[in-house]
2 protein chains.
Amino acid sequence: MPTIGVDVGGTKCLGVVLDDDGKVLAEHRVPTPQMGSGPALIAAVAEVAGQLQGGAAMRVGVGVPGLVDRGGTLRFAPNIVGVTELPVREELSKQLGVPVQVDNDATCAVWAERAVGAGAGRAHLILVTLGTGIGGGVVVDGQLVRGSHGFAGEIGHMVIDAVGGLPCPCGQRGCWERYASGSGLGRLAREAAHARQVPRVVELAGGDPEAVRGEHVTRAAADGDPAAREVMNRFGWWVALGLANLANAFDTECFVLGGGLVEAGDILLAPVRASFLDLVEAAEHRPPVDIIPATLGEHAGAIGAAMLARPN
Amino acid sequence: MPTIGVDVGGTKCLGVVLDDDGKVLAEHRVPTPQMGSGPALIAAVAEVAGQLQGGAAMRVGVGVPGLVDRGGTLRFAPNIVGVTELPVREELSKQLGVPVQVDNDATCAVWAERAVGAGAGRAHLILVTLGTGIGGGVVVDGQLVRGSHGFAGEIGHMVIDAVGGLPCPCGQRGCWERYASGSGLGRLAREAAHARQVPRVVELAGGDPEAVRGEHVTRAAADGDPAAREVMNRFGWWVALGLANLANAFDTECFVLGGGLVEAGDILLAPVRASFLDLVEAAEHRPPVDIIPATLGEHAGAIGAAMLARPN
């Protein structure tokens, strides 16, 4: 029995129809309402799901960025301005007339990567999405870790540089996502640009150090520019630092890295893997931990949401 | 059917006989061999277990501080000098002639606190032992989290102050246990003593700032000394910082704090609870997370080890 999954992203709401084998039968997307009110967000998801349903009573799963409780209420969404305590499941069930399951977006994505993606068949797996921020989804002993209220996997705000760290909009200092996200790479690169360390990167950005973005570094590094590679090494250290903390706590066998940055491939992964071995406790006494790229791309969240919508 | 549990601590190996209701029927202890070789350590545990068995073929569980793999080999023990890759389970089964189960000591302790201690009946629980270092045991959805190899819960070496942090013997900088352990409190207190901020504390230590230990601060704070309380507030912030990181990742409902420091009661717990609310992501949108003292004291590890020795 096919189900529908909708992933609410920063720019788009992407929906899929998924069959029992995990195959995408159809997809539809609409822009995510910006600065959206709760009702506008619900309406966007309902539009995507309704379009895909086409009158059939398919169950719907939804992945939302933020703290989603086990009743399907979006309690807090750091990246959706003005939306808190939004009863997503209740509202959508009413509007769509089918059972609706709502989870955190990275929770959905890890479930998809584990079923039909990079982490297929793994009993222990952590998905880390390196985007504007950092999201996380965790599988332990083959089970999804939702936590006591559904909020598990909020790893982007793990404080890793408490004293002198960069301020984070969340109110803390030194959150991991200040350093190891796509935005973190951009910041590192602009610092290097202002220090005149990465002329080729600045050239790719049109000559203005302030215009440097992560993509300019990864492109220059892929072309073999040693200065850009050095920035990637530094960035890889920050990514690995958080992964090592997580490996110490969860003893996972596999990190699946998602998000746009991962398209850089080994330009990113090689430095992360190298630093991870320096940072995890007692690396020489542990079996290796795999650090691999996600394979489902932008569809991971929607596919996982559709899977989680299946009746138990 | 009673089982035996032995907890290998920094100073003693403590063993108990536990009945099916979780009641301690007998106990026995010997000093932990210092700078011990592997065989000396095995012999000490075998002596405790053998004494408690008294000829009966009771199953034996052992809790060991360090990375214990799922086959019962102690891969790495930061606090037992010179012991690595020690096949504890294999050696003990041979010597004792009964099935032996070996786990990390904090993993044992969390299982005990969850069954008959402070965390009784909780589905989501993290035990954090604040001793010389910091140990951790994790329960998710009512199940022990051992991780893919048995190494989960190594939370003391979570890096929380990456750039300017204190060096740790593990080779990293800024590990949580440099700040939030008993040793961390002593260091904070000596800093305050040298800065002449805590005269009452120095007095309790016999007048020498360098002789100040954590216990002098907790005693002065319990007596109402405002300067000692200020040190406890600062210390509580460091404890809470790591708990907040763990709460963000695991969404646990309850932290059980163990180790000698916890005898300070609310002198410690009140500042930790207050700072936790400042540090965890979106505290105002989460149900409260309990932060409570362990109740099984020095017996927790042995009780848990005995429980984990029960046949499935």
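These legends describe views of a predicted model, covering the two domains of chain A and the contact between chain A and chain B. In this predicted model, local features need pLDDT of at least 70 and side-chain atom pairs count only at pLDDT 80 or more, while totals for chains, interfaces and linings use all residues. Residues are numbered from 1 along each chain as its sequence is written, and chains are lettered from A and ligands numbered from 1 in the order in which they are written.

**View 1. The domains of chain A.** Domain 1 of chain A covers 3-112 + 298-308, and domain 2 covers 122-294; such bounds come from an automatic or database domain assignment. The C-alpha centres of domain 1 and domain 2 of chain A are 26 Å apart.

**View 2. Domain 1 of chain A where it touches domain 2.** Here 16 residues of domain 1 of chain A are in contact with 19 residues of domain 2 of chain A (contact: C-beta atoms, placed from the backbone, within 7 Å). On the domain 1 side, strand 5 (67-68) and helix 3 (105-116) of chain A each supply at least two residues. Helices (H or I, at least four residues) and strands (E, at least two) are DSSP runs, numbered from the N terminus. Helix 3 of chain A gives the largest share of this side, six residues.

**View 3. Chain A where it touches chain B.** The contact takes 43 residues from chain A and 43 residues from chain B. Strand 6 (74-76) and helix 8 (226-250) of chain A each supply at least two residues of the chain A side. Helix 8 of chain A gives the most to that side, with six residues.
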